[in-house]
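I opened a new notebook page for this chain. The entries follow the order in which I looked things up.

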Amino acid sequence: QKARIGVTGLAVMGRNLARNLARHGHPVAVHNRTPTRTKSLIEEFGDEGTFLPADTPEQFVASLERPRRLVIMVKAGAPTDAVIGEFAPLLEPGDMIVDGGNANFADTRRRESALREQGIHFVGTGISGGEEGALHGPSIMPGGSAESYAALGPLLEDIAAKVDGTPCCTHVGPDGAGHFVKMVHNGIEYADMQLIAESYDLLRHAAGLEPAEIAEVFRTWNEGRLESYLIEITAEVLAHTDASTGRPFVDVVLDQAEQKGTGRWTVQTALDLGVPVGGIAEAVFARSVSGHAALRDAARNLPGPSRAGGVGSGFADAVEKALYASKIIAYAQGFHEIQAGSAEYGWNIDLGAMATIWRGGCIIRARFLDRIRAAYEADPETPTLLTDDHFAEAAGEAQDAWREVVATAARLGIPAPGFSTALAYYDSLRAPRLPAALTQGQRDYFGAHTYRRVDREGSFHTLWGGDRSEVTA
Ligand code: 6PG
């Protein structure tokens, strides 16, 4: 018997993905660089389906039906290149290599083009949902050729999460499109987590609630429009008590957030594409600030506000509104980046389809994503989600509370970079005139960089050092 698909790299994500395939009745070949992992997978879970264990790459490749479908689940970067280098020579034209790691989309583009020369389909695939998702149904974002999707799609859709019967998996677009979209998914994940963290911080330090009380607030929110996996787990984490000290768990965790790189890539890429993603950027920076222990130690005694004051009774509701409005902004920015990346690389990504496959399985899964799907269904070409009827109305309705929350944070000296940047973006987009006109004047003054006028076509320069007359540039 041959395997329909194979998974190499049996750390927790790879192992669970292989089990998911086997549980769905797909015979799956399994391989790991050190065979002990393969052995333990078979020992522990061998009865879940048909596994074909292989000790060597040759054995692994030989056990796959043709065209071969080979999934690599190893660390992004050099380890991925090493595994490709090991397996590609064993493959034949028409075979497919699926990279299910969090690869940088530029690497995926490079690998796809190199392997295409050998006739091998390289399918850079975003997989979200953590270990549980990999086992029970992740959200899957495959890139690569349409031909490879025809051969892989049914398998991937079979093991993906389902929402209303629709699989959370679709062909994203050519070459690096899948990993690009996964990268932005993670950027949005960072922004969403930061906004939730700021909500917690304000409820704790402005409203004076205890973690267990805040957990209840999040539980209530999770029954409304904010319903999402991240809100749900926030309540769980906040309600948890540390066993060794009896203190709230959140109080015994070192307050330095780490990151593996996808959020940072989202921002770096956005800068290259010229897309403003302040919500995601502030989330990355907030993690960065938290980790600068020496900097924070040095600054700890800087003076805070002298007249702080408290907050009113409706504060938690105001925070809910600020959170919802800021979340709209962060997602609008992320989708803008996907739109720009798609245009830059000719991927033709269907934005509504991305919202559809993020409704379930992934870390940012939420009721909210169905709203985004509907917004793109109503207007596939919209330049921003923010002008969709539902989102515009929600942001407008939230704005008094949103402004109040940002003002309260500033007044009390509680950092709220996510809420603040989201509100600034909202106000920038609505502003009839931006001070960018002054910036242009300054640039023209010191560097003769020229400016355009509101009343005439062309580029102009004012002779600032001379008689200040205007010339055509
Ligand atoms: C997912 C997650 C997953 C991973 C993050 C964590 O979609 O399942 O995003 O890919 O947990 O990359 O990222 P950081 O370690 O950078 O927070």
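Is Arg19 buried or exposed? I looked it up: Arg19 is buried, at 7% relative accessible area. I use buried for under 20% relative accessible area, exposed for over 50%, and partly exposed for what lies in between, with a 1.4 Å probe and protein chains only.

**Ground rules.** I am working on a predicted model, where local features need pLDDT of at least 70, side-chain atom pairs count only at pLDDT 80 or more, and totals for chains, interfaces and linings use all residues. Residues are numbered from 1 along each chain as its sequence is written, and side-chain values use heavy atoms, with hydrogens and water left out.

**Overall layout.** I counted 20 helices and eleven strands in the chain. These are DSSP runs, helices being H or I of at least four residues and strands E of at least two, numbered from the N terminus. The C-alpha trace spans about 80 × 65 × 45 Å along its principal axes.

Of the 473 residues, 49% count as buried. I put the accessible surface at about 21900 Å², with 52% belonging to carbon and sulfur atoms. That area comes from the Shrake-Rupley method with a 1.4 Å probe; for residues, only the protein chains shown count as cover. Contact means heavy atoms within 4.5 Å. Among contacts with a separation of 6 or more, 66% come from residues 24 or more positions apart.

**Charges.** I compared the mean positions of the 44 positive and 61 negative charges: they are 3 Å apart. Lys and Arg count as positive, Asp and Glu as negative; His and the chain ends are not counted. Each charge is placed at NZ of Lys, CZ of Arg, CG of Asp or CD of Glu.

**Salt bridges.** Side chains of opposite charge can pair when their charged atoms come close. How many salt bridges does a search of the whole structure find? The search finds 28. The criterion is a side-chain nitrogen of Lys or Arg within 4 Å of a carboxyl oxygen of Asp or Glu.

I went back to Arg19 and found its partner. Arg19 meets Glu48 in a salt bridge, N to O 2.8 Å. The pair links distant parts of the chain: Arg19 is in helix H1, Glu48 in the loop between helix H2 and strand E3, 29 residues apart. Glu48 is partly exposed, at 21%.

Next I took Arg68 and Glu92, whose closest N and O atoms are 3.2 Å apart in a salt bridge. Arg68 sits in the loop between helix H3 and strand E4, and Glu92 in the loop between helix H4 and strand E5, 24 residues apart. Arg68 counts as buried at 7%, whereas Glu92 is partly exposed at 31%.

Glu470 lies in strand E11 and Arg453 in the loop between helix H20 and strand E10, so the pair ties together parts 17 residues apart in sequence. Glu470 is partly exposed at 31%, and Arg453 is partly exposed at 31%.

I also noted a network of salt bridges linking Asp81, Asp99, Asp107, Arg110 and Arg111.

**Backbone.** Most residues other than glycine have a negative phi, and most peptide bonds are trans. Which residues does a cis peptide bond join? Arg66 and Pro67, with omega about -10°. Pro67 is in the loop between H3 and E4.

Asp164 has a positive phi near 50°. Asp164 lies in the loop between strands E8 and E9 and is exposed at 73%. Asn348 has a positive phi too, about 55°. Its loop runs between helices H15 and H16, and Asn348 is exposed at 69%.

**Val275.** My last entry is Val275, in the loop between helix H12 and helix H13. Val275 is buried at 6%. Beyond its neighbours within four places in sequence, Val275 is in contact with Ala270, Gln333, His336, Glu337 and Ala340. I also looked up Gln339: 64 residues from Val275 in sequence, 9.8 Å in space, C-alpha to C-alpha.
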